[in-house]
Amino acid sequence: IQFPFYYVLLAKSRTKYTVYQGIIQISIGVPLLVLCAKYYGLKFVGIPWIIINCFAFFYLGYICIKKFLHINFFKYIKNYLVPNLAISLIFSYLGYSLYTITHWHFLIFLILSLMLSFVSILLWDNYLCKRGIFSYHHLYDFPRG
């Protein structure tokens, strides 16, 4: 989820922020990964990786939204990030739970979860932008210029 911010900064020729982020991420991340693997085993190596990438996401997001997109960062978090993440987690958990109960092929539940997440996020975005609840033309009707 960091890629959109990275590409906005790249398009604006402001790569110094991503370089700073990369240097800090490597200098903190590698020792944390080694320590975590040494003392807790490979089972918990993902925890420092997630923490480091979350901090990187918020850092790049704050820089990008504040300096180039000119919207309120906390409004972005409240209106877009948290609801979309919650919707995705709910449908992912629902798909996983149904998979463990039924033991059908995992792809069925993966595709179902993805479709439900996409439609729900689309409905939420339509609600926020005050479009018709089932509007979808904005997905492909780009402005002509």
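## Overall shape

A compact globule of 145 residues would come out with a radius of gyration near 15 Å, but this chain has 19 Å (taken over C-alpha atoms, with the globule rule being 2.2 Å times the number of residues to the power 0.38). Its C-alpha atoms fill a box of roughly 50 × 50 × 25 Å along the principal axes.

This is a predicted model, where local features need pLDDT of at least 70 and side-chain atom pairs count only at pLDDT 80 or more, while totals for chains, interfaces and linings use all residues. Residues are numbered from 1 along each chain as its sequence is written, and side-chain values use heavy atoms, leaving out hydrogens and water.

## What it's built from

The chain has five helices and zero strands, so the elements read α-α-α-α-α from the N terminus on (helices are DSSP runs of H or I with at least four residues, strands are E runs of at least two, numbered from the N terminus). As for burial, 25% of the 145 residues count as buried, meaning under 20% relative accessible area with a 1.4 Å probe, protein chains only.

Among contacts with a separation of 6 or more, 49% come from residues 24 or more positions apart; a contact means heavy atoms within 4.5 Å.

## α2 against α3

Helix α2 (residues 16-40) and α3 have axes that come within 9 Å and cross at roughly 165° (axes are lines fitted to C-alpha atoms, for helices over the stretch in contact, with angles from 0 to 180 degrees between N-to-C directions). The two are therefore roughly antiparallel, the term for angles over 145 degrees.

On the α2 side the contact includes Tyr17, Ile28, Leu32 and Cys36, and on the α3 side Trp49, Ile52, Leu60 and Lys67 are among the partners. By class, that's 13 nonpolar, five polar and one charged residues (Ala, Val, Leu, Ile, Met, Phe, Trp, Tyr, Cys and Pro are nonpolar, Asp, Glu, Lys and Arg charged, and the others, Gly among them, polar).

## α3 against α4

Next up, helix α3 (residues 46-69) meets helix α4 (residues 73-102): their axes come within 10 Å and cross at roughly 120°.

Phe57, Phe58, Gly61, Tyr62 and Ile65 of α3 make the contact with Phe73, Tyr76, Ile77 and Leu81 of α4. These residues divide into eight nonpolar, one polar and no charged.

## A look at Ser117

Ser117 sits in helix α5 (residues 106-128). Its relative accessibility is 9%, so Ser117 counts as buried. Leaving aside residues up to four places away in sequence, Ser117 touches Ile87, Ser88 and Phe91.

Methods:
Buried < 20%, exposed > 50% of the residue type's maximum accessible area, 1.4 Å probe, protein only. Parallel < 35°, antiparallel > 145°, perpendicular 65-115°, else oblique.
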